[in-house]
Amino acid sequence: MNSFMKLFASLFLFVFSSLLFDIDVVESSNKNLRFSGRNKLFVFGDSYADTGNTKTTDKGAWAFPYGITYPGKPSGRFSDGHISTDFLAQLLRIKLPVTYSKKDGVDKTRLQYGMSFAYGGTGVFDTKVNYPNMTGQINLFEQLLGNVYSPSDLSSSIALVSVAGNDYLYFLSTRSLNVILPFIKQVVNQIEVNLRRIHTLGIKKIAVPSLQPLGDIPHFANGSPLIKAAVNLLVAYHNDLLHKVVVKLNNETNHSAFAILDYNNAFLTVINNKGETPGLLSSGMDFTLPRKDGNRFTRF
């Protein structure tokens, strides 16, 4: 796990830095806008990004062994240590954004770093958990605009939009792989709606991860090799549709406001490495930002 996290963190920070190079910090002339001019991170999604929104009474992220590497005890992260939100805040050189569920109990100056609306177990649509789906999370964000955050506050903002596959796992809990293709289109279409809406609300830069190889999670990897292969083919289909959506959105905005974090390739690099600890130069990793000139990627 230590090998995985070191490599994954390095790859994550490297690729996301390309998204940040042209983020401008805009100082406001309005002194009442005390948050203006500072990078802010707004987070939407699931357990890959949730730093503690779920209830402490829930099992899972608030129980051992989660959190044993960082911060040393369960903290609401679905991980033994840091997750994507932690890495990105580090890259932005800001304090960790406060979670939405804890916002009323913290010093208001903490709000200047942004906020996380991500809830573990959620999806683009409703899943088995009783927390806001992606649309609901964006609704919560929108309710704070004009009250907590102004348009100027968002001028140097970044959004991380995590979609790690809970929709598909929930779908497959009651239905078969044979009927999932139309649902994948529905999910990606709704992701497009969500990305467009977040940008319209004022977030200048938005990153959405590609779907990791779900066929390699224990639920599928321990079963039939044919099922594992089929699931990963469906993941590839999702990622292809997502790439086309991001190209389309960047064409519409006339600049690269949207980027894909290639989680799929990052996971496969670690899986195929079989436990060794490769350096960045030997990993063979391609980092991809959809270009406006079609279905080609920028290689880093």
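Predicted model: local features only at pLDDT ≥ 70, side-chain atom pairs only at ≥ 80, totals over all residues.
Me: In what order do the strands of the open sheet lie?
Reply: The sheet has six strands.

Me: Which residue in β3 is the bridge partner of V98?
Reply: Strand β3 covers residues 114–116 and runs parallel to β2. Two bridges join β2 to β3. The bridge partner of V98 is M115.

Me: What angle does the direction of α5 make with that of β5?
Reply: Helix α5, residues 181–200, packs on the sheet. It touches β1, β4, β5 and β6. Its direction and that of β5 make an angle of about 160 degrees.

Me: How far apart are the end C-alpha atoms of α5?
Reply: The helix has 20 residues. At 1.5 Å a residue, α5 should span 28 Å. The distance between its end C-alpha atoms agrees with that: 29 Å.

Me: Is Q112 buried or exposed?
Reply: Q112 sits in the loop between β2 and β3. A polar atom of its side chain lies 2.9 Å from the backbone oxygen of T109. The relative accessibility of Q112 is 15%. The cut-off for buried is under 20%, so Q112 counts as buried.

Me: Which residue with a positive phi follows α5?
Reply: The phi in question is near 130 degrees. The residue is G202.

Definitions and conventions: Residues numbered from 1 in each chain as written. Heavy atoms only, no water. Pairing = 2+ DSSP bridges. Helix = DSSP H or I, 4+ residues; strand = E, 2+ residues; numbered from the N terminus. Contact = heavy atoms within 4.5 Å. Axes fitted to C-alpha atoms, helices over the stretch in contact; angles between N-to-C directions. Buried < 20%, exposed > 50% of the residue type's maximum accessible area, 1.4 Å probe, protein only. Polar contact = N/O pair within 3.5 Å; in protein donor to acceptor, adjacent residues only side chain to side chain. Expected span 1.5 Å × (residues − 1).
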